Amino acid sequence: MEVFRINRIKSEAPVIAIFAIFAIVLSLLFYPSILWFSFLAFPLTAGAYMIFRKLELGIFKRRCFLILDEDGIRYCFHLLQHPRSLLWSQVEKVNYQMYEINIRVKNTGQVISMQTSYLEDPEDFNELKRMINAKCIVA
C-alpha cells in the first residue's frame with residue numbers, strides 16, 4: 001500500500017473560495033446600512049477561516065489522500081469531496097497528460113481525472129505512474 005500526500009493548501013481552495021464569496025455577499029448586503037461592518041466582512045471571515053482551520057472544526061477535520069494498494073485506488077483530493085474508491089478491475093484504460101491522469105471506467109465509460117498538481121511532492125508522480133502502469137492498460 002502506497003500513500004501519497006496531498007497539498008493541503010490546494011485541497012482547501014474550494015473552501016477558501018466559498019468564504020470569499022460569502023464575504024462579498026455579506027459586505028454587499030451591509031454596505032448601505034452599516035458602512036463599517038461591510039469593511040469588516042473580509043477580515044472577520046478570514047479570521048473565522050483561520051480559527052476553523054487551526055481548531056480543525058467541521059469540514060477541516062477531513063484528510064485528503066491518494067492511496068494505491070492491491071485492491072485499487074482510494075482518493076479524496078479536496079475538503080468538499082467525499083472519499084472515493086476505484087477497483088483495479090473497474091479500470092479500462094489510463095491516459096497520462098501533462099498535469100493530470102485520466103482513468104476510464106469499464107462499465108460506464110466515465111473518465112476520472114486526477115490532477116497531479118494536488119500531490120505534495122512532484123517527485124511522487126513518477127512513483128504513482130509506475131504503480132498504475134503495473135496494474136492497468138495504458139493508452
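E2 and E3 form a hairpin, with three residues between them. The model is predicted.

Me: In what sense do E2 and E3 pair, and over how many bridges?
Reply: E2 covers 65-68 and E3 covers 72-76. Three residues separate them in the hairpin. The pairing is antiparallel, and the number of bridges is four.

Me: In E4, which residue is the bridge partner of Arg-74?
Reply: Arg-74 in E3 stands opposite Ile-67. E3 also pairs with E4, residues 84-87, in the antiparallel sense over four bridges. In E4, the partner of Arg-74 is Ser-85.

Me: How many residues of E3 are buried?
Reply: E3 pairs with E2. E3 pairs with E4 too. The strand is mostly covered: of its five residues, the number buried is four.

Me: Which element supplies the largest share of the largest nonpolar core?
Reply: This core has 30 residues, and Leu-66, Leu-68, Ile-101 and Ile-132 have the most contacts inside it. Elements that each supply at least two residues include H2, E2, E3 and H4. The largest share is four residues, and it comes from H4.

Me: Which residues does Leu-68 touch, not counting those up to four places away in sequence?
Reply: Leu-68 is among the residues with the most contacts inside the core. Beyond four places in sequence, Leu-68 touches Met-1, Glu-2, Phe-4, Ile-73, Trp-88, Leu-128, Met-131 and Ile-132.

Me: What length does H2 reach from its first C-alpha to its last?
Reply: H2 has 18 residues. At 1.5 Å a residue, 26 Å is expected. The model comes close to that, reaching 26 Å.

Me: Why do the buried residues of H2 lie on the same side?
Reply: The buried residues are Val-15, Phe-19, Ala-23, Leu-26 and Ser-27. They share a side of H2 because the arc they cover around the axis is only 110 degrees.

Me: Is Ser-11 buried or exposed, and what is its relative accessible area?
Reply: Ser-11 lies in H1, residues 8-11. Leaving aside neighbours within four places, Ser-11 is in contact with Ile-6, Cys-64, Phe-77, His-78, Leu-79 and Tyr-118. The cut-off for buried is under 20%. Ser-11 is buried, at 0%.

Me: Which backbone oxygen does the side chain of Ser-11 reach?
Reply: Ser-11 is a residue of H1. Its side chain comes to 2.7 Å from the backbone oxygen of Arg-8.

Note on methods:
Residues numbered from 1 in each chain as written. Predicted model: local features only at pLDDT ≥ 70, side-chain atom pairs only at ≥ 80, totals over all residues. Heavy atoms only, no water. Core = buried A, V, L, I, M, F, W, Y, C linked by side-chain atoms within 4.5 Å. Buried < 20%, exposed > 50% of the residue type's maximum accessible area, 1.4 Å probe, protein only. Contact = heavy atoms within 4.5 Å. Pairing = 2+ DSSP bridges. Expected span 1.5 Å × (residues − 1). Arc of directions from axis to C-beta. Polar contact = N/O pair within 3.5 Å; in protein donor to acceptor, adjacent residues only side chain to side chain.
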